[in-house]
Amino acid sequence: MEKYVLKNITRPDTQLIEEFKQLDVSTVYEAQGKIGLMNYHLKPILDNTLICGPAVTAVCHAGDNLMIHAAIEVCKPGDVLVITTVGEGVAGMIGELIVTALIKRGVQGVIIDSGIRDVAQIRDLGFPIWTKAVFSQGTTKSKGGWVNAPTVCGGVSVEPGDLIMADDDGVVVVKKGDLQFALESSKQRLKKEEGTKEKIARGEISLDFYNLRPTLEKEQVVYYEDETELNKGKA
């Protein structure tokens, strides 16, 4: 398979991205049909942080970060760099120096299905990364791969220009062709949640406003008034 760097990609409209930034990962994931959520092993190194922007992908060989260096050149302000590997790997693929270069390019953050190092320094820089490992093991820079090729990160298909959103709850991918649907569905979900909050504030309980009592009955869940009655029921 030909190895390549695709310099220019189609990115979502800036205004659309700004609207997504008013949302959160869980809302978008649920609203678009419970799809696009990356594996839970991708953890943020910074708390209370949200990033939202177009994916630039770097597909490297495990333990080799050559294509990350190639990706830096094609990143634009607001991008999210998504790094994956051919073969399983947890080596420290990026550290303080690469992050400093990404900040200079205006990159919002990184999603990496491998490892990172220099975590203390990266935290001091305030740069958001979601990673599956922190490991000091170094890498080579000798194996060609791909920049802006379709890939799979955290178990989810990612194409260059797809929208990546990440926060404390994880990472979600919104496909380029689904952006408007996901945005409108997310807004409707938030509106519905506001109604639910009003019900809770009035003292209503979820068993009733979600109509869950029939499900309890169907599952033969028995209610007892107290322990005495419970013990009689067990006798």
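Visitor: In which loop is the place of K34?

Guide: This is a predicted model, and the backbone of K34 has a positive phi of about 55 degrees although K34 is not a glycine. Most residues other than glycine have a negative phi. As for its place in the chain, K34 belongs to the loop between α2 (25-31) and β2.

Visitor: What is the phi of N48, which is not a glycine?

Guide: N48 sits in the loop between β2 and β3 (51-61), and with a relative accessible area of 72% N48 is exposed, because the cut-off for that word is over 50%. Its phi is positive, at about 55 degrees.

Visitor: How far apart in space are K43 and W130, C-alpha to C-alpha?

Guide: K43 is placed in strand β2, which covers residues 43-44, and K43 is partly exposed, with a relative accessible area of 47%. Along the sequence, K43 and W130 are 87 residues apart, whereas the C-alpha to C-alpha distance in space is 4.9 Å.

Visitor: What separation is found between the C-alpha atoms of D168 and T140?

Guide: D168 lies in the loop between β11 (163-167) and β12 (170-174), where D168 is partly exposed at a relative accessible area of 39%. D168 and T140 are 28 residues apart along the chain, and their C-alpha atoms are separated by 31 Å.

Visitor: How many disulfides does the count come to?

Guide: A disulfide calls for two cysteine sulfur atoms within 2.5 Å. The sulfur of C60 has its closest cysteine sulfur in C153, and because the separation is 11 Å, that is too far for a bond. Seen from C153, the closest cysteine sulfur is likewise the one in C60, at 11 Å, again too far for a bond. By this rule the count of disulfides comes to 0.

Visitor: Is C60 buried or exposed, and is C153 buried or exposed?

Guide: The word buried applies under 20% relative accessible area. C60 has a relative accessible area of 0% and therefore counts as buried. C153 is likewise at 0% relative accessibility, and the word for C153 is buried.

Visitor: How many salt bridges are there by the rule used here?

Guide: The rule asks for a side-chain nitrogen of Lys or Arg within 4 Å of a carboxyl oxygen of Asp or Glu. One of the pairs is R213 with D208, whose closest N and O atoms are 2.7 Å apart; R213 is partly exposed at 35% relative accessible area, and D208 is partly exposed at 44%. By this rule, the number of salt bridges comes to 11.

Visitor: How far apart are the closest N and O atoms of R11 and D79, and how many residues apart in sequence are the parts that this pair ties together?

Guide: R11 forms a salt bridge with D79, and the closest N and O atoms are 2.8 Å apart. Because R11 lies in the loop between β1 (4-5) and α1 (14-20), while D79 lies in the loop between α3 (66-74) and β4 (80-86), the pair ties together parts of the chain whose separation in sequence is 68 residues.

Visitor: Which residues are linked with E88 in a network of salt bridges?

Guide: The side chains of E88 and K132 meet in a salt bridge with an N to O distance of 2.5 Å. E88 lies in the loop between β4 and β5 (92-94) and K132 in strand β7 (residues 129-134), so the pair ties together parts 44 residues apart in sequence. E88 is exposed at 67% relative accessible area, whereas K132 is partly exposed at 22%. The residues linked with E88 in the network are D113 and K132.

Visitor: Which residues gather in a patch of negative charge on the surface?

Guide: One of them is E225, placed in the loop between α8 (213-218) and α9 (227-234). At 70% relative accessibility, E225 counts as exposed. The residues of this negative patch on the surface are E225, D226, E227 and E229.

Notes: Residues numbered from 1 in each chain as written. Predicted model: local features only at pLDDT ≥ 70, side-chain atom pairs only at ≥ 80, totals over all residues. Heavy atoms only, no water. Buried < 20%, exposed > 50% of the residue type's maximum accessible area, 1.4 Å probe, protein only. Patch = residues over 30% accessible without salt bridge, like charges linked within 9 Å, V, L, I, M, F, W, Y side chains within 5 Å. Areas by Shrake-Rupley, 256 points an atom, 1.4 Å probe, with all protein chains shown as cover. Lys, Arg positive; Asp, Glu negative; His and termini not counted. Charge placed at Lys NZ, Arg CZ, Asp CG, Glu CD. Helix = DSSP H or I, 4+ residues; strand = E, 2+ residues; numbered from the N terminus.
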